[in-house]
Amino acid sequence: MNFIETRGNDGIKPIKVPFSEAILNPSTSFGGLYVPEYLPKLEENFIQNHVNKSYKELAYDILKAFEIDIDENEINKALDLYDNFDNPQNPCPVIKVKKDLFVHEQYHGPTRAFKDMALQPFGSILSSIAKKRDEKYLILAATSGDTGPAALNTFKNKENIQVVCLYPDGGTSDVQRLQMVCEDGKNLKVLGIKGNFDDAQSALKNLLASKTFKEELEKDNIKLSAANSVNFGRIIFQIIYHFWSYIQLLKQDEITLGEKIYLVVPSGNFGNVLGAFYALEMGLPIEKLLVASNENNILTEWINTGVYDIRDKELKLTKSPAMDILKSSNIERVIYSLFGANRTKELMEDLNEKKIFKMSENETNELKKYFSAVYSDDTFGTRTIKEFLDSGYLMDPHTATCIKAYNELREKPLKTVIYSTAEWTKFSPTVLNALNQNSVKYTDKEALEEISTKYNANLPQSIKDLFNAKINHSLVINKENIESEIVNFIRKS
């Protein structure tokens, strides 16, 4: 299968590229993104055939359906990394919490967040291609808290790979920050930036598109790639677990084959729900995709009105920081799927230049066929965490936003899966405030210890170890200094 560009071709870049090229060099014409030329259809027979198969078997068969140009041994080696999750047979379990409500727990990997589901195998595949080609790559990652730790973990000490991770100083939880700044791989550089996630992501996109930056890297024979979900290598692995959601409900005799379900996804950069959109388009019986936002409710506004307007918006720092994003990259791939390259280029250029785009009424109605959206505030989130623990289930603040969508957006009494994208350990002060119904400023260490003791919650050793680990990356810089710091890192490595 070939991959094409969301904003059309500029006559300079290739019109189509294979999967390996799309993930190694994700920069495309006019600042767009790569998407598959078409989506494979995986109908009821495919789903039925995987009811008694493992997650790795499901992943392998979906990757093969995309006809990616990756050696079979490399695919299997990458998928074997799921053996390092809490339960190798079921790396992302689907847990029943109410009669019609299920939580898909995506945080059972090494960094305790859903980014491991994609970045563990993606990192393995990308580094193996680089090694096979005898090429050196600089991988850029911008993070609102979870991509960074997962990218650093998967690429640590990999041959032919260097990684620079950008995170907003003060914009992540302490645990997320420690997971990054304590990494000791010689090929890793972590930079805190004075700004927010949108600043970090804009810097990443600008560097990917910068001719002068690439020329600077070429002096050292280094090519440029990215670990964010601008890279389709991330997205392809985020399609798989939505099929797993459905298969698990079948396996638990909660639905019959062909019965539709709702999926509720907490959304920031729109990559997770994009994977669900692709799964729906590929044949997964989904009634609708319910998008949960926090007070940075730009996605809710866009889905409900067709207008994406960030002109007067200031990013709010909330208790669900991984969703504190105003410019969501992956809406572009949805717009391309629905309206084509010309319209995508037009709308994205409006957003870049005017900080607003407006879809037509017909376009908005088409978007609403697939998505409904709502947002919740921190008060709702903390109340929800308390309510669910009283019923025996402990969740993080991002998962809590999904309950608002579950309560308000379902039009039919169908089984519903919400996505838990991070373990409670990543945001323990917020969780403890919710459980104790107070606003005490706990440290992460205090909150982790109290929750694990008082509520008998599992505290992974990897999280405990963070508080005694050496900090190896303490630099916080202005965003205009990012490029020079990266070049310095390359030269010294």
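Residues are numbered from 1 along each chain as its sequence is written. The model is predicted, so that local features need pLDDT of at least 70 and side-chain atom pairs count only at pLDDT 80 or more, while totals for chains, interfaces and linings use all residues; side-chain values use heavy atoms, with hydrogens and water left out.

The unreviewed entry assigns "domain: Threonine synthase N-terminal" to residues 3-78. This span is 39% helix and 11% strand. Its end C-alpha atoms lie 21 Å apart. Helices (H or I, at least four residues) and strands (E, at least two) are DSSP runs, numbered from the N terminus. The record also places "domain: Tryptophan synthase beta chain-like PALP" at residues 97-411. Here the chain is 50% helix and 19% strand. The end C-alpha atoms of residues 97-411 are 20 Å apart.

Two packed helices are described by the angle between their axes and the distance between the axes. Helix α4 (residues 72-79) packs with helix α5 (residues 115-133) at an angle of about 145°. Their axes are 8 Å apart. Axes are lines fitted to C-alpha atoms, for helices over the stretch in contact, and angles run from 0 to 180 degrees between N-to-C directions. The α4 and α5 crossing is right-handed. A crossing is right-handed if the near helix is turned clockwise from the far one by less than a right angle, and left-handed if anticlockwise. From α4, Glu-74, Lys-77 and Ala-78 make the contact (heavy atoms within 4.5 Å). From α5, the contact is made by Pro-121, Ser-124, Ile-125, Ser-128 and Lys-132. The residues of this contact divide into three nonpolar, two polar and three charged. In this grouping, Ala, Val, Leu, Ile, Met, Phe, Trp, Tyr, Cys and Pro count as nonpolar, Asp, Glu, Lys and Arg as charged, and the others, Gly among them, as polar.

The model has 32 salt bridges. A salt bridge is a side-chain nitrogen of Lys or Arg within 4 Å of a carboxyl oxygen of Asp or Glu. One of them joins Lys-96 and Glu-254, at 3.0 Å from N to O. This pair links distant parts of the chain, 158 residues apart. Lys-96 lies in strand β4 (residues 94-98), and Glu-254 in the loop between α10 (232-251) and β10 (261-266). Burial follows relative accessible area: buried is under 20%, exposed over 50%, and partly exposed in between (1.4 Å probe, protein chains only). Lys-96 is partly exposed at 42%, whereas Glu-254 is buried at 16%.

Lys-219 and Glu-216 form another salt bridge, at 3.3 Å from N to O. Lys-219 is exposed, with a relative accessible area of 59%. Glu-216 is partly exposed at 21%. A network of salt bridges links Glu-216, Lys-219, Asp-220 and Arg-491. Arg-311 and Asp-309 also meet in a salt bridge, at 2.8 Å from N to O. Arg-311 is partly exposed at 46%, and Asp-309 is buried at 18%.

UniProt lists Lys-115 for "modified residue: N6-(pyridoxal phosphate)lysine", in an unreviewed entry. Lys-115 lies in helix α5. Its relative accessibility is 12%, so Lys-115 counts as buried. Leaving out residues up to four places away in sequence, Lys-115 touches Asp-146, Thr-147, Ala-150 and Arg-234.

Asn-228 sits in the loop between β9 (222-226) and α10. Asn-228 is buried, at 2% relative accessibility. Beyond its neighbours within four places in sequence, its contacts include Thr-147, Phe-197 and Arg-234.

Phe-371 belongs to strand β14 (residues 371-375). It is buried at 1% relative accessibility. Among the residues that Phe-371 touches, not counting those up to four places away in sequence, are Phe-270, Val-273, Phe-277 and Val-334. Its C-alpha atom is separated by 27 Å from that of Asp-253, 118 residues apart along the chain.

Tyr-393 is found in the loop between α15 (378-390) and α16 (397-408). Tyr-393 is buried, with a relative accessible area of 10%.

Key:
UniProt positions renumbered as here; feature names shortened; annotations may be inferred.
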